[in-house]
Structure formats: C-alpha cells, structure tokens
Amino acid sequence: MKQMIIEGNNILSGNIEIGGAKNSAVALIPAAILASGESTIKNVPNISDRDALIDILELLNCNVKIKDNELTIDSTNLNNKVIDNSYSSRLRASYYFMGALLGRQKNVEIYIPGGCNIGSRPIDMHIDGFKALGVKVEIEGDKYILSADKLVGTDIYLRFQSVGATINIMLASVLAEGKTIIHNAAKEAEINNIANFLNNMGAKITGAGTDEITIIGVETLHGAEISVLPDRIEAGTYLILGALCGTNLTIKNIIPEHLESLTTKLKEMGSNLIINKDSISISKVSELKAINIKTLVYPGIPTDIGQPMSVLLTQSTGTSLFEETIWENRMGHVPSLNKMGANIQVNGMSAIIKGPTKLKGCDVIATDLRGGAALVIAGLIAEGITTITDVEHILRGYENITEKLTNVGAKIELKEI
Ligand code: EPZ
C-alpha cells in the first residue's frame, strides 16, 4: 500500500505539463481491438488504469508495446477469452471491452466492472443499447454473456447523456449492418477523440460532440493512429491548486475551451488567470469570493472537478453551495476535509461550505480518485504535515503527480508502507 506525505503551505510556481486524458485513453485502448491489425495510440498517460487495460489486451492475445507515452497494439491474432473479475474489477472502463468485442467478434463474456465508490454505477443503458442492436444478454451472477448472430443498426435513445453508454454503443455499432443513431448522446470532449480514432480506422461516424451521433456500419476496420487529447480534469485539478497557492503557475498542453466552465467560475470568484492558446497561468489572490457550483454534463462543470472545487470553496469568503448531480456519493472526502478544519455540512448530494477556514495537516484516507485529489490539494495548502493513505485511488488517474508537483515547489513524497 502507498502513502503520500505532504508538507503544506508552500507557494507553487512554474510549469505543469498535462498528460493525455484518462477518460479518453481508457476507451481508446479497448477500441483498438476493433481493427484487425496494428494501431498506435499517442500521448497515453502513465497511470495504473492504462496497465489494467493492457493486461486485458494481453489476455486476449494482443501484442502490446509501450514506448514512453506511445502504445502500439496489434490485435491481428485476437483470441476471445472470458474476462474474469480479477481483470474487470480493476476499473470501470473494463466495460468498453463489451462494445469492442461485440463489434469485432459478436460475443463477449466479462465480469462486472470496477471503479470508484461514488455511487451505484449501473450499466443498464449500455446493456439496453446492445440489446437494441440485436445482442442476446445473459447474466450469470456477476458475469455478463453477450452474443449475437449479427448486429443490426437502429435508433437508440439514451435516457441520460451517459459518457460510457455513448462510447460503448459506438464501439458495438461501427461494424454492425446498417445505420445506428444515438439520440441524447453525451457531448464530453472524449467522445470526439474516440470517434476520430474509429474514423481513422475506416468507420463512418458523424455528429460526435453533439447529442445525435450517426454510425453507418462498415465491413472491416484497419489499424490506425490517434493521439489522446489533453486531460481537462487533470488540468482543472491543477488550476484549482494554482488558485489556492500558485504564483504564475502555468498549466501547459491543454485545450482551454474544454475548461471554460471552470475558468468562468474561477474568474467569478476573483481568481487571477491568463488564458493562452494551449496553457493557462494562474496566481493566488488575497480573497476568493464564495460561489455556488452545480456539476452537470458537458459543457457544465464536470462532476470530476466538483471534489477538487470543494477545497477551493473552503478557502472562499462566505457561504458556498456545492451541488453534485451525476453521482450519488461525491462527498467521501468531506470527513477528512472537516478533520483538517474545513466547515462543510453535507446534505445528500449537496454541501454547504463556509469559509475561509484554516486547514491543518493530519492523517487522512483517500476514498476515491477525485476525492483523493481533493485531499492532495488540501494537504498542499494546510499548515503542517498531511499523510494520505490509500493513494492508489489517486494514482489511477493522475500521471506522475508527485513529480509534477515537486517540480513546481511542493513538498510531497510517495512511500510504500
Ligand atoms: C465517465 O463515467 C467517467 N469515467 C467518470 O469519471 C465521469 O464522472 C462520468 O463519465 C461523467 O462525466 C470514465 O470515463 C472511465 P456516465 P461513466 O455513464 O461513463 C448513470 C473519474 O473520476 N448511469 O456518464 O460511468 C450513472 O449512475 C470518473 O475519472 C446509469 O444510470 O459515467 C451516473 O449517475 C468517475 N446507467 C450517470 O449516469 C448506465 O448504464 C453518469 O454516468 C450508465 C450510467
């Protein structure tokens, strides 16, 4: 087990280079098996979710090479196997092998996915989408057995703009017969990244990034190349940190438009930020105004930024309201923040946050990926030493986080316990 030890109350300055988006990479990697051939995925973040997916590719007899942040995947000799719990439970995104194996071989046996403890995390919309395409679904305990003689395109209406369901249905339908239209599709930036990769392979997808995506099925797909887009959630996490303890902290390799909902809120709070073509520089200010934030699907404030944002609200003058609308349990980090001296009152999926409150370092436990990131931010601004346990949650989604923070003046180390 790993622990992070942080000595807080330092000013951070310099450049943080943002890596490829976790939530795009974890879909692009399974998508590669749709092509019978070799594909290259560039700018893949060096995170544990990447490794969990490579283990599944190798279970399926794919040949995988990693060189720095570049993955080469040859799925010519794909050999379909049951993806058991020891693989599927390591991350939520293992479920993308459902759509990818259905697309490529019209059958898949896989156990239920894992993922952060932020809610019940059903996958009914994925399953309903597969059924609409003609897939037979059997459930044996925790195992899904999905099979079809053929997949036939159709109109699919999502009751919620689910990122995962949108992507999984795209994966399953690119080699189906005929046309599929996904109505009420998710519009997160990652959807475009996956659609571009599939189109580079020879798929026929239009409308990605809008709420109506059309897929015209094709016979086969060939290997292709794609680069993972910059991680807007990693970037947003470090921007929030800069607003709290930065002096000219520059977050580089980003697409500012993907962060507009956050930068608008930071300006509303009185933050001092300079937005450039592919970077944002931010410095702390003497007083931040309390505001209300409500997480929404894109282009609203991303749910994954809510927990880091809640730390910012503990340092804002006045009473703020933090409303989470996507996941039932995005407050797992609040007891640790209150233990450090914050004044947060949780009421279901929302919280009243009074500030500013002085935070003091202490021993805390990460409960999930973004809650863990919030505790890192809190430790970096607190007086004294903060020890975070169960940091494996954080390492799933933040590439080289201790190196990136040390490079800008943070006193943070990772140790095995
Ligand atoms: C993706 O999860 C991300 N994960 C999440 O990031 C992110 O919070 C979420 O999208 C929303 O942006 C990955 O991409 C691996 P959803 P996903 O389907 O696809 C309900 C992180 O920290 N729902 O958009 O699972 C669900 O319960 C992670 O990086 C159903 O009811 O999210 C939730 O309320 C956390 N049935 C809502 O939809 C379904 O079949 C959002 O789900 C699917 C979802």
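Visitor: How do you know how many side chains in the chain are positive and how many negative?
Guide: Lys and Arg count as positive and Asp and Glu as negative, while His and the chain ends are not counted. On that basis the chain has 38 positive and 46 negative side chains. With each charge placed at NZ of Lys, CZ of Arg, CG of Asp or CD of Glu, the centres of the two sets lie 3 Å apart. This is a predicted model, in which local features need pLDDT of at least 70, side-chain atom pairs count only at pLDDT 80 or more, and totals for chains, interfaces and linings use all residues. Residues are numbered from 1 along each chain as its sequence is written, and side-chain values use heavy atoms, leaving out hydrogens and water.

Visitor: Why is the meeting of Lys2 and Glu416 called a salt bridge?
Guide: The term asks for a side-chain nitrogen of Lys or Arg within 4 Å of a carboxyl oxygen of Asp or Glu. Lys2 and Glu416 come to 3.7 Å, N to O, so the pair qualifies.

Visitor: What makes Lys358 exposed?
Guide: Its relative accessible area is 65%, so Lys358 passes the cut-off. Its salt-bridge partner is Glu383, at 3.8 Å from N to O.

Key
Buried < 20%, exposed > 50% of the residue type's maximum accessible area, 1.4 Å probe, protein only.
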